[in-house]
Amino acid sequence: GMLAAGTDPGSVRATGRSATTARQREERFRVTVTATEADPEANRNAAAGADVVVLGVKPKDILSLCREIAGALRPGTVVVSVAAGIPLAAMERHLPAGQPVVRTMPNTPLTVGMGVVGMAGGAAATEEHLAAATALFAGSGTVHRVAEDQIDAVAAVSGSGPAYAFLLAELMAAGGAQMGLDEDLAAELARNTVAGAGRMLAEPGVDPAALRRAVTSPNGTTEAAVESFLAADLAGIIARGMQASAARGRAISEEFGNS
Ligand SMILES: NC(=O)C1=CN([C@@H]2O[C@H](COP(=O)(O)OP(=O)(O)OC[C@H]3O[C@@H](n4cnc5c(N)ncnc54)[C@H](OP(=O)(O)O)[C@@H]3O)[C@@H](O)[C@H]2O)C=CC1
Ligand SMILES: O=C(O)[C@@H]1CCC=N1
């Protein structure tokens with residue numbers, strides 16, 4: 001997303017673990033990608049002198065990565081985490097005192113310029129540091145400042161949310177095939193329906209309920225489907241799934257955020 005929005009590839013130093021995926025990413029993104037399995041200093045070298053460092057490893061690996069790069073950071077370097085569940089205070093404990101840290105919850109639609117990001121700043125993060133973190137995402141989505149205790153809820157709505165829409169497309173395709181449609185046709189109809197509905201939702205100021213009502217003819221086919229969904233407690237099913245997402249964020253904090 002950053003590159004598509006005009007970031008100079010020459011200004012980006014990326015790292016990964018595997019040399020094979022590093023090569024693939026270099027070819028795909030035209031940025032320098034160094035693998036830690038080939039160069040154990042890769043992360044420290046990438047962090048040294050950077051204005052902004054983005055931590056994109058799994059939550060369980062974030063704090064050891066903070067310790068690994070701590071000695072290479074300049075005092076003003078902004079450390080931006082995308083990890084679910086890892087608290088700002090935990091990262092701050094493993095970084096030099098006073099290091100500006102920003103915790104974010106992005107989502108994959110950033111890759112098509114339609115991302116949404118929740119963002120919270122740590123103890124040493126000033127407006128200038130938050131603006132630098134916002135600039136990473138601003139060309140490929142919208143950034144919303146939230147209190148850190150709301151990040152798990154942001155993850156439940158928008159971080160994990162793309163998967164809910166993709167699951168809907170999968171289930172609609174399966175339902176179409178069950179009714180006798182060719183499997184490929186059912187998948188194509190479902191995929192383009194969810195994609196098309198998403199495009200309609202992206203228009204400024206639209207109300208999803210109004211869009212839904214426009215499809216729902218009185219006593220028609222859509223009404224029959226929607227009534228069936230609601231009678232089966234789709235609202236409760238979605239709410240419980242989102243609670244499970246947020247609970248998993250809290251569990252990650254407890255499992256990996258206390259060291
Ligand atoms: N996927 C999503 O939609 C979202 C993910 N997140 C967060 O993003 C983070 C990554 O998740 P996800 O993309 O699913 O995971 P992936 O496994 O796809 O990505 C993790 C990456 O970290 C690299 N890596 C692992 N260890 C090291 C290391 N020591 N040094 C350098 N690079 C390393 C891996 O390299 P290699 O490939 O070479 O092994 C891999 O590229 C998580 O913290 C997650 O919470 C947040 C919001 C949305
Ligand atoms: O599933 C996860 O834990 C990450 C965070 C939000 C989306 N993917």
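This is a predicted model: local features need pLDDT of at least 70, side-chain atom pairs count only at pLDDT 80 or more; totals for chains, interfaces and linings use all residues.
Local features require pLDDT of at least 70 and side-chain atom pairs count only at pLDDT 80 or more, whereas totals for chains, interfaces and linings use all residues. Residues are numbered from 1 along each chain as its sequence is written, and chains are lettered from A and ligands numbered from 1 in the order in which they are written.

**Sheet**

Helices (H or I, at least four residues) and strands (E, at least two) are DSSP runs, numbered from the N terminus. Five strands form an open sheet of mixed pairing, in the order β3-β4-β5-β6-β7; two strands pair if DSSP finds at least two bridges between them. The edges are held by β3 (52-55) and β7 (141-145), each with a single partner strand, so one side of each has no neighbour in the sheet. On average, neighbouring strands of this sheet are turned by 25 degrees against each other, direction ignored. Strands β4 (residues 78-81) and β5 (residues 101-105) run parallel and are joined by three bridges; V80 has V102 in β5 as its bridge partner.

Helix α5 (residues 127-138) lies across β3, β4, β5, β6 (115-121) and β7, and runs at about 165 degrees to β6. Axes are lines fitted to C-alpha atoms, for helices over the stretch in contact, and angles run from 0 to 180 degrees between N-to-C directions.

**Helix pairs**

| Helix pair | Axis approach | Crossing angle |
|---|---|---|
| α6 (residues 151-159) and α11 (residues 234-256) | within 8 Å | roughly 135 degrees |
| α7 (residues 161-178) and α8 (residues 183-201) | within 8 Å | roughly 145 degrees |

The axes of α6 and α11 cross at roughly 135 degrees, which makes α6 oblique to α11 (angles under 35 degrees count as roughly parallel, over 145 as roughly antiparallel, 65 to 115 as roughly perpendicular and the rest as oblique). The crossing of α6 with α11 is right-handed, meaning that the near helix is turned clockwise from the far one by less than a right angle. In this contact, D152, A153, A155, A156 and V157 of α6 meet M242, S245, A246, G249 and R250 of α11, two residues being in contact if their C-beta atoms, placed from the backbone, lie within 7 Å. The contact comprises six nonpolar, two polar and two charged residues. Ala, Val, Leu, Ile, Met, Phe, Trp, Tyr, Cys and Pro count as nonpolar, Asp, Glu, Lys and Arg as charged, and the others, Gly among them, as polar.

Helix α7 likewise passes α8 in a right-handed crossing. Residues of α7 including L168 and M172 meet residues of α8, among them L189 and V194. This contact has 11 nonpolar, three polar and two charged residues.

**Ligand surroundings**

A residue is near a molecule if its C-beta atom, placed from the backbone, lies within 6 Å of it.

Around ligand 2 stand A84, A155, G159 and S160. This shell divides into two nonpolar, two polar and no charged residues.
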